[in-house]
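Work through the following exercises with the sequence and the model side by side. Each task is followed by a solution that goes step by step.

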Amino acid sequence: MSDAKRPKDQLKAHIRAQNQTLILETSERVFARQGLAKTTTQMIADEAGLPKANVHYYYRSKKDLLEAVLERILEMWLHSVSEFNVEEGPKQNLMRYISEKIDQSRDNKNASKVFAMALIGEESFVLDYLRRLFVTELSREKVTIEAWVNKGLMDPVPVEHLFISIWAMTQTYADFDAQVRIMLQKDALEERDYEEAKVFITRMVLAGCGVKES
């Protein structure tokens, strides 16, 4: 390839990446607002300010587009939550994990809602992804938690139910934020609301797991 062609190819790649990012971010927002069934590629194209043909150039169908959105969400979640560090002990790790999950609910509401809708609808893409990657991640954390139990740093716990409970408590601030706002009698959640949630949920989890001070 000549040097003259490289800038053109780089520009095309840049434009392609920009368009795909715009389409995926817009799709996530529209899916979250309209629901998976009611959303159309025309709605997404209109909100993105692109011709519908441009959307289909990158994603042949709504199904392909939804799967691309879900893959982006799942990859983000996998890389935004720290793995447990056995040397730090259960208290620090659980505190950090709960804090990061609340931060996700605050910063990525649309992503959480789309993921929840896909789970409720039992979208095969999400279920397969969870089986392949999330189960592996959970198995790794289970070994760490069992090591802490063996050292007497916390009580024995059903690890799967521990994580299910943490996910339920933290993700509700995104998936059911309307309900949370009604309960708190607010038009919008404030930073202190999320911080209070972190403190309260952390206290519940640490106490429920019999975590010793470290």
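## Exercise 1: the cavity and its lining

The lining of the largest cavity divides into one nonpolar, four polar and one charged residue, where Ala, Val, Leu, Ile, Met, Phe, Trp, Tyr, Cys and Pro count as nonpolar, Asp, Glu, Lys and Arg as charged, and the others, Gly among them, as polar. The model is predicted, with local features requiring pLDDT of at least 70 and side-chain atom pairs pLDDT 80 or more, while totals for chains, interfaces and linings use all residues. Residues are numbered from 1 along each chain as its sequence is written, and side-chain values use heavy atoms, with hydrogens and water left out.

Task: identify which residues line the largest cavity, and state which helix gives the largest share of the lining.

Solution. Begin with the search of the whole structure, which finds one cavity of 30 Å³ or more; a cavity is a set of points on a 1 Å grid, over the protein atoms alone, where a 1.4 Å probe fits but cannot get out, and lining residues have an atom within 4 Å of a point. The largest cavity holds about 30 Å³ of space, a volume being the space filled by probe spheres set on the points, which are joined across faces, edges and corners. Its lining consists of W77, K101, Q104, S105, S112 and Q171. Helix 5 gives the largest share, three residues; helices here are DSSP runs (H or I, at least four residues), numbered from the N terminus.

## Exercise 2: two helix contacts

Task: describe how helix 6 packs with helix 8 and how helix 4 packs with helix 6.

Solution. Two packed helices are described by the angle between their axes and the distance between the axes. Axes are lines fitted to C-alpha atoms, for helices over the stretch in contact, and angles run from 0 to 180 degrees between N-to-C directions.

Helix 6 (residues 109-120) and helix 8 (residues 159-175) pack at about 110°, with axes 8 Å apart. These two helices are therefore roughly perpendicular to each other, a term for angles of 65 to 115 degrees. K109, S112, K113 and A116 of helix 6 make the contact with Q171, Y173, A174 and D175 of helix 8, contact meaning heavy atoms within 4.5 Å. The residues of this contact comprise three nonpolar, two polar and three charged.

Helix 4 (residues 62-80) packs with helix 6 at an angle of about 115°, the axes being 10 Å apart. On the helix 4 side, L66, V69, L70, I73, L74, M76 and W77 meet A111, S112, V114, F115 and A118 in helix 6. This contact has 11 nonpolar, one polar and no charged residues.

Key. Parallel < 35°, antiparallel > 145°, perpendicular 65-115°, else oblique. 1 Å grid on protein atoms, 1.4 Å probe; cavity = no way out; pocket = protein on both sides within 12 Å on 5 of 7 lines; lining within 4 Å.
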